[in-house]
Amino acid sequence: MLAAAATAVVAALAGCGAEQADITKPVKPVKPAVPEKKVVYGLPGMPPVLDSKDVYAADRPGKLSPVVKDFPSRVYVPNTESDTVSVIDPKTFEVIETIPVGREPQHVVPSWDMKTLWVNNDKGNSLTPIDPKTGRTGKTVDVHDPYNLYFTPDGKHAVVMASLDRELVFRDPHTMKIDHTEPVTCYGVNHADFSLDGRYFIVSCEFSGELLKVDTAKMKVVGQQKLPFDGAMPQDVKMSPDGKKFYVADMMADGMWVLDGDTFSKPTLLPTGKGTHGLYVSRDSKEMYVSNRGEGTISVFDFARDRVTKKWKLPQGGSPDMGGVSADGNTLWLSGRYDSEVYAIDTRTGVQIARIPVGTGPHGLAVYPQPGRYSLGHTGIFR
């Protein structure tokens, strides 16, 4: 009876037109869809964005441009009160040369084409060029109030942060002749970073606690806002790898302001430590090192987790300020602004490797060369 019933069910299914699966035929695997790469329409003349999800994709360990691959590895330290640049050999951790420059050198800045290092002699109203291949200085160029120096992503202009003059001065990147002067109403323009597409940049105004948004091609201020903190003193500016956020260090608010650059939204504060000052992205684009000058520490911010995951304390304290990451990504170099010294920190462990005496008032040191295709300025923002 059971066998007869089963036969009847099979016959009924066949009568309904049900198809039998051919289990002898191999099933062809379905290829996973390949996600389309997002095309970034950058500032005309700017080198193409390599990865829309990682603006620092060209900064991988040891990925040196042919332009700089034969340059000796050095750390250049501008001493604001000694009017010199101390040159450190990172292999021996020793000062191998002291170069006299103009009055109050604030930063050592790699040029857009990466062939020249410009020393910003702020009170000396000049720039001193250094050939990073030979270590020799060139003829000083007259530039008024060059507190800091940046380069537009297309390489067309140098942008002088004329802090006391209250101006953004767009100049020829080689001769430094003025192309356009953009007056600002805030006080103390000092640091900046460019958007993923290079079409605008965010500027911090230290003495009035404000931020500016500047149209790169038009060379015009298109946005301005006051930070929501009484006595704010914004410093370094850095963009997230995916280009969605800007981080602004604030030495009085003791943390980083986080905002959307596209909408120029109201920023929120992410605490990091006392006297937050410099911001440096790791070679794998996963973390950012935040120097806290007021407490002698470095906070490690994780981009994916959106929080500080570690804090490294300098033995015997210190005043970690500006600096950069070594070409291999293993060492973070920072100037000790008020201690006439430079710190070398192992980025894998947070351990201080060396503490090197330099001149008085060391500030915007540059580690050079570094990976990347071109420089946006400051102590080394590479794309």
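In the predicted model, Asp254 is found in the loop that runs between strand E17 (246–250) and strand E18 (255–259). Asp254 is not a glycine, yet its phi is positive, at about 60°. With a relative accessible area of 27%, Asp254 is partly exposed. A positive phi of about 60° also occurs at Arg166, likewise not a glycine. Arg166 lies in the loop between strand E9 (158–162) and strand E10 (167–171), and its relative accessible area of 26% makes this residue partly exposed.

A further backbone feature concerns the peptide bond from Tyr368 to Pro369, which is cis, with omega near 0°. Pro369 is located in the segment after strand E28 (366–368).

The structure holds 1 disulfide, formed by Cys186 and Cys205, whose sulfur atoms are 2.1 Å apart. The link of Cys186 and Cys205 is left-handed, with -50° about the S-S bond. Cys186 belongs to the loop between strand E11 (178–183) and strand E12 (189–194), whereas Cys205 is part of strand E13; the pair therefore ties together parts that are 19 residues apart in sequence. Cys186 and Cys205 are both buried, which means that each has under 20% relative accessible area.

On the surface, a nonpolar patch is formed by Leu164, Tyr187 and Phe207. Together these residues have about 350 Å² of accessible area. One member of the patch, Phe207, is found in the loop between strand E13 (200–205) and strand E14 (210–215). Phe207 counts as exposed because its relative accessibility is 52%, the cut-off for this class being over 50%.

A search of the whole structure finds 2 cavities of 30 Å³ or more. The largest cavity holds about 210 Å³ of space. Its lining consists of 17 residues, of which Lys238, Val281, Arg283, Gln370 and Gly380 are the closest to the centre of the cavity. At least two residues of this lining are supplied by strand E20 (276–281), and at least two by strand E24 (320–325).

Notes:
Residues numbered from 1 in each chain as written. Predicted model: local features only at pLDDT ≥ 70, side-chain atom pairs only at ≥ 80, totals over all residues. Heavy atoms only, no water. Patch = residues over 30% accessible without salt bridge, like charges linked within 9 Å, V, L, I, M, F, W, Y side chains within 5 Å. Areas by Shrake-Rupley, 256 points an atom, 1.4 Å probe, with all protein chains shown as cover. Salt bridge = Lys/Arg side-chain N within 4 Å of Asp/Glu carboxyl O. Helix = DSSP H or I, 4+ residues; strand = E, 2+ residues; numbered from the N terminus. Buried < 20%, exposed > 50% of the residue type's maximum accessible area, 1.4 Å probe, protein only. Disulfide = S-S within 2.5 Å. 1 Å grid on protein atoms, 1.4 Å probe; cavity = no way out; pocket = protein on both sides within 12 Å on 5 of 7 lines; lining within 4 Å. Points joined across faces, edges and corners; volume = space filled by probe spheres on them.
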